[in-house]
Every structure is written in C-alpha cells, then in structure tokens.
Amino acid sequence: MIVHASIAPHSPALLPSISKEHHSKLAQTTASLETITRHISKELPDTRVLIAPHDTHSEEGKMTIHVPPTYKATFEEFGDLVTSSTFTSDPLLADSLKAHLLKNDIGVVYDSDEHLEYSSSVPLVFFTKGH
C-alpha cells in the first residue's frame with residue numbers, strides 16, 4: 001500500500017556540504033524537504049520508491065529498475081567527498097513492479113549498478129535525515 005507520495009527537489013546544492021555559505025539561500029526549499037521528511041517518518045514506510053528524471057542506464061521507451069543488494073549515495077562529482085549513505089533494496093517489490101509493467105506492455109530493464117544518481121540521492125539523504 002502506498003502511504004505517501006510527493007515530488008521533491010533534488011539539487012545537490014540543497015546539501016550544506018555542497019552549497020556551503022550559500023545554503024541559507026535555499027532555506028525555503030530545505031524547509032519543504034524537511035516537511036516531506038516529517039510526513040514520511042510518521043507513515044513508517046517499509047520501502048521508499050523513487051522515480052527519478054535522470055537515469056544514465058535507461059533505454060528508450062523502457063523503465064529502468066535498479067536492483068542491486070544495496071544502493072550508495074555519494075556526491076564526489078559535486079566536490080563533497082564526505083557525505084555518503086547506503087540503502088538496501090527491495091527485490092520482491094522490484095519483481096512485482098516489473099511483472100505489473102510487463103503485463104501492461106511497458107518495457108522494463110533491470111540494472112544492478114549500486115551508485116544512485118543525484119536526483120535519487122539528494123531526496124533519500126534528506127528523507128533518512130542523513131544531511
């Protein structure tokens with residue numbers, strides 16, 4: 001059962017370790033992410049599903065489902081060599097989603113790359129209070 005859904009900004013600049021002295025300029029956006037985080041934490045979801053706009057592994061016309069044993073969120077490409085988080089995957093949910101998509105003639109590609117794109121990493125780091 002879906003217990004929460006939201007659209008979240010995903011700019012790496014939302015992390016103080018990246019935006020540094022400019023972080024205060026993002027106060028309203030950061031506050032919005034904190035509000036979403038509070039809502040999610042009240043719901044106690046078993047699994048978080050992210051649909052991200054950036055995916056270097058996708059194939060035209062197909063949805064990519066990432067299913068490594070663990071996911072890693074890092075921000076080295078933005079100069080942050082310290083912030084890092086690890087998340088576990090839910091392969092049973094991934095299989096169920098794949099079956100549903102295929103049943104509805106939507107192409108699916110599985111990918112096992114554990115590195116998350118920033119568009120998934122930033123919200124996950126916020127939603128798990130790792131920022």
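Reader: By class, how many nonpolar, polar and charged residues does the lining of the largest pocket have?

Author: The lining has 26 nonpolar, 15 polar and 8 charged residues. In this classification Ala, Val, Leu, Ile, Met, Phe, Trp, Tyr, Cys and Pro are nonpolar, Asp, Glu, Lys and Arg are charged, and the others, Gly among them, are polar. The model is a predicted one, in which local features need pLDDT of at least 70 and side-chain atom pairs count only at pLDDT 80 or more, while totals for chains, interfaces and linings use all residues. Residues are numbered from 1 along each chain as its sequence is written, and side-chain values use heavy atoms, with hydrogens and water left out.

Reader: How much space lies in the largest pocket, and which residues are closest to its centre?

Author: The general idea comes first. Rolling a probe the size of a water molecule over the atoms shows where empty space is left. A pocket is an open set of points on a 1 Å grid over the protein atoms alone, with protein on both sides within 12 Å along at least five of seven lines; a lining residue has an atom within 4 Å of a point. Grid points are joined across faces, edges and corners, and the volume is the space filled by probe spheres set on them. Here the largest pocket holds about 1,800 Å³ of space. Its lining comprises 49 residues, of which Thr47, Arg48, Val49, Leu50 and Ile51 are the closest to the centre.

Reader: Which helices and strands each supply at least two residues of that lining?

Author: They are helix H2 (27-43), strand E1 (62-66), strand E3 (80-88), helix H3 and helix H4 (118-127). Helices (H or I, at least four residues) and strands (E, at least two) are DSSP runs, numbered from the N terminus.

Reader: Which residues make the nonpolar surface patch?

Author: Val49, Ile51 and Leu93 make a patch of about 330 Å². Patch members have over 30% relative accessible area and no salt bridge; like charges are joined within 9 Å, and nonpolar side chains (Val, Leu, Ile, Met, Phe, Trp, Tyr) within 5 Å. Areas come from the Shrake-Rupley method with a 1.4 Å probe, and for residues only the protein chains shown count as cover. Leu93 is found in helix H3 (residues 91-103). Leu93 is partly exposed because its relative accessible area is 36%, where buried means under 20%, exposed over 50%, and partly exposed in between.

Reader: Which residue forms a salt bridge with Lys72?

Author: A salt bridge is a side-chain nitrogen of Lys or Arg within 4 Å of a carboxyl oxygen of Asp or Glu. The count by this rule is 1. Lys72 pairs with Glu114, their closest N and O atoms being 3.4 Å apart. The pair links distant parts of the chain, 42 residues apart: Lys72 is in strand E2 (residues 70-75), and Glu114 is in the loop between E4 and H4. Lys72 is partly exposed at 35% relative accessible area, and Glu114 counts as partly exposed at 32%.

Reader: How far apart in sequence and in space are Phe127 and Ile40?

Author: Sequence separation and C-alpha distance can be read side by side. Phe127 and Ile40 are 87 residues apart in sequence and 7.3 Å apart in space, C-alpha to C-alpha. Phe127 lies in helix H4 and is buried, with a relative accessible area of 10%. Ala94, in helix H3, counts as buried at 8%; its C-alpha is 9.5 Å from that of Val49, 45 residues apart in sequence. Ser41 is in helix H2 and is partly exposed at 35%.

Terms used: Buried < 20%, exposed > 50% of the residue type's maximum accessible area, 1.4 Å probe, protein only. 1 Å grid on protein atoms, 1.4 Å probe; cavity = no way out; pocket = protein on both sides within 12 Å on 5 of 7 lines; lining within 4 Å.
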